[in-house]
Amino acid sequence: MPLRTETMVEYYFDNAYLYYCKQHDCLRVTNNHADSVLFNGISRKDIDNFISNYIEYVLEQTELKVAFEKAAKCQLLKEATDSEGNPLWVKLHTFYLRLALERIMI
């Protein structure tokens, strides 16, 4: 059921646990690690953006925000693959290694 502007759903969690569910590509909220609500359409990028803004505006830790954003980008690079499923970081590593070796030999 798609939500409309006048729709509001309220849940009460006495022991909430929030996490990004990689298998379902959604935000998942559980109560006591049992009953859960899945929020589809919320991507990992949305979660990373939320965390970044939380760090900056709630915790007021600009340096931590920058560090988190760098770590999130590094993780995405590590997980990126080509059309054959091979990790892209291996190809990049090999490319830069060859480039460095060529410069040494010149």
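Here is what to select, stop by stop.

This is a predicted model, where local features need pLDDT of at least 70, side-chain atom pairs count only at pLDDT 80 or more, and totals for chains, interfaces and linings use all residues. Residues are numbered from 1 along each chain as its sequence is written, and side-chain values use heavy atoms, with hydrogens and water left out.

**Stop one: a surface patch.** Select F50, Y54, Y57, V58, L59 and L64: together they form a nonpolar patch on the surface with about 640 Å² of accessible area. A patch takes residues with over 30% relative accessible area and no salt bridge, joining nonpolar side chains (Val, Leu, Ile, Met, Phe, Trp, Tyr) within 5 Å and like charges within 9 Å. A salt bridge is a side-chain nitrogen of Lys or Arg within 4 Å of a carboxyl oxygen of Asp or Glu. Areas come from the Shrake-Rupley method with a 1.4 Å probe, and for residues only the protein chains shown count as cover.

Now colour helix α1 (residues 44-58), which supplies the largest share of the patch, four residues. Helices here are DSSP runs (H or I, at least four residues), numbered from the N terminus. Next, click L59, in the loop between α1 and α2 (62-79). L59 is partly exposed at 40% relative accessible area (buried is under 20%, exposed over 50%, partly exposed in between).

**Stop two: back to the helix.** Pick I51 in α1. How far apart in space are I51 and K65, C-alpha to C-alpha? They are 8.4 Å apart, though 14 residues apart in sequence.

Technical notes
Helix = DSSP H or I, 4+ residues; strand = E, 2+ residues; numbered from the N terminus. Buried < 20%, exposed > 50% of the residue type's maximum accessible area, 1.4 Å probe, protein only.
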